[in-house]
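Hi,

Here is the structure I said I would pass on.

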Amino acid sequence: NSVEYLVQYFAVERIGAIPALLNWRLSANEFAGLAALFDPRGVIAEPEFGDAIEAALVGRSLVRVMHG
């Protein structure tokens with residue numbers, strides 16, 4: 001965890017969104033299955049997970065924020 005994590009967490013809360021914190025060890029298939037359940041409108045992640053997120057969310061229109 002970091003200062004950036006806290007800033008992002010509270011920013012998400014501030015705009016009225018509901019954060020869904022996920023384990024960084026999830027595979028693209030596991031992430032896709034969870035994404036189907038909660039239908040995300042945005043994703044905040046480290047750049048190293050960008051490819052897995054793109055694979056899991058192919059065809060979805062959402063905001064992607066890569067920080068790091």
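Below is what turned up in it, topic by topic.

First, the ground rules. This is a predicted model, so local features need pLDDT of at least 70 and side-chain atom pairs count only at pLDDT 80 or more, while totals for chains, interfaces and linings use all residues. Residues are numbered from 1 along each chain as its sequence is written, and side-chain values use heavy atoms, with hydrogens and water left out.

On confidence: pLDDT is the predictor's confidence in each residue, from 0 to 100. The protein chain has a mean of 84, and 91% of its residues reach 70 or more. Confidence is highest in H1, at 89, and lowest in E2, at a mean of 69. (Helices are DSSP runs of H or I with at least four residues, strands are runs of E with at least two, and both are numbered from the N terminus.)

Now the pocket. Rolling a probe the size of a water molecule over the atoms shows where empty space is left. A pocket here is an open set of points on a 1 Å grid over the protein atoms alone, where a 1.4 Å probe fits and protein lies on both sides within 12 Å along at least five of seven lines; lining residues have an atom within 4 Å of a point. Points are joined across faces, edges and corners, and the volume is the space filled by probe spheres set on them. The largest pocket holds about 1200 Å³ of space. It has 34 lining residues, and Ala20, Leu21, Val43, Ile44 and Ala45 are the closest to its centre. At least two lining residues come from each of helix H1 (3-14), helix H2 (28-38), strand E1 (42-45), helix H3 (50-56) and strand E2 (63-66). H1 gives the most, with five. By class, the lining has 25 nonpolar, seven polar and two charged residues (nonpolar: Ala, Val, Leu, Ile, Met, Phe, Trp, Tyr, Cys and Pro; charged: Asp, Glu, Lys and Arg; polar: the others, Gly among them).

Next, the aromatics. Rings of Phe, Tyr and Trp (its six-membered ring) pair if their centres lie within 6.5 Å, with planes under 30 degrees apart counted as stacked, over 60 as edge-to-face and the rest as tilted. There are two such pairs in the structure. One of them joins Tyr9 and Phe10: the ring centres are 5.4 Å apart and the planes sit at 85°, so the pair is edge-to-face. Tyr5, Tyr9 and Phe10 make up one aromatic cluster. As for accessibility (buried is under 20% relative accessible area, exposed over 50%, partly exposed in between, with a 1.4 Å probe and protein chains only), Tyr9 is partly exposed at 26%, whereas Phe10 is exposed at 53%.

Then there is Asp39, in the loop between H2 and E1. A search of the whole structure finds one salt bridge (a side-chain nitrogen of Lys or Arg within 4 Å of a carboxyl oxygen of Asp or Glu). Asp39 and Arg41 meet in a salt bridge, at 2.7 Å from N to O. Asp39 is partly exposed at 37%, and Arg41 is exposed at 61%. Asp39 also has a positive phi, near 45°, though it is not a glycine. Most residues other than glycine have a negative phi.

Cheers
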